[in-house]
Amino acid sequence: MILVFIETRNGAERQASLEAYAAARAVSDEVSAVSLSDAGSPMAVARALEEAARAHAADIVFMAETTLARDVAGRLAARIGGRVDGGI
């Protein structure tokens, strides 16, 4: 199962996040998304994504290549014992 982080800014979903969701749907029918509205610090986002990944039993987490996502990815990988692949 793929979990997609949908990043929002000022209440609107970022286009790059929607593209990450489309990429996830292209490789799997089992996709869930979590939207974190102006979520705050990278550590807070990583904690929230960790909880969502565990709750959904996600095998992989997709996120757009944004400044926030780059700050979150390594923290999330450390929290769930995974790895980070960029530019996919």
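Start by selecting T8. This threonine is buried, with a relative accessible area of 7%. That value counts as buried because the cut-off is under 20%. Keep in mind that the model on screen is predicted.

**Stop 1: around T8**

Stay on T8 and show its side chain. Which backbone oxygen lies 3.3 Å from a polar atom of that side chain? It is the backbone oxygen of L36. Select L36 as well, and display the 3.3 Å distance between the two atoms.

**Stop 2: the strand that holds T8**

Now widen the selection to residues 2-9. This is strand β1, and T8 is found in it. Is β1 mostly covered or mostly open? Mostly covered: seven of its eight residues are buried. T8 is one of the buried residues. Turn the strand and look along it. In a regular strand the side chains alternate between the two faces of the sheet.

**Stop 3**

To see a bridge for yourself, pick F5 and then M63. M63, in β4, is the bridge partner of F5.

**Stop 4: the antiparallel partner**

Next, select residues 12-13. Here is strand β2, which pairs with β1 over two bridges. In which sense does β2 run against β1, parallel or antiparallel? The pairing is antiparallel. Pick R9, then look across to A12 in β2, which stands opposite R9.

Now follow the chain through the turn. β1 and β2 form a hairpin, with two residues between them. Select N10 in that turn: its phi is positive, at about 55°.

**Stop 5: the whole chain**

Zoom out and colour by secondary structure. The protein chain has three helices and four strands. What order do they follow from the N terminus? Trace them as β-β-α-β-α-β-α.

Show the C-alpha trace next. Along its principal axes it spans about 30 × 25 × 25 Å. The radius of gyration is 12 Å, which agrees with the value near 12 Å for a compact globule of 88 residues.

Then turn on contacts. Take those between residues at least 6 apart in sequence: 68% of them join residues at least 24 apart.

Finish with the surface. The protein chain exposes about 5100 Å², and carbon and sulfur atoms supply 47% of that area. Of the 88 residues, 35% count as buried. T8, where the tour began, is among the buried residues.

Definitions and conventions
Residues are numbered from 1 along each chain as its sequence is written. This is a predicted model: local features need pLDDT of at least 70, side-chain atom pairs count only at pLDDT 80 or more; totals for chains, interfaces and linings use all residues. Side-chain values use heavy atoms; hydrogens and water are left out. Buried means under 20% relative accessible area, exposed over 50%, partly exposed in between (1.4 Å probe, protein chains only). A polar contact is a pair of N or O atoms within 3.5 Å; within protein, one must be able to donate a hydrogen and the other to accept it, and residues adjacent in sequence count only if both atoms are side-chain atoms. Two strands pair if DSSP finds at least two bridges between them. The radius of gyration is taken over C-alpha atoms; the globule rule is 2.2 Å times the number of residues to the power 0.38. Contact means heavy atoms within 4.5 Å. Accessible areas come from the Shrake-Rupley method with a 1.4 Å probe; for residues, only the protein chains shown count as cover.
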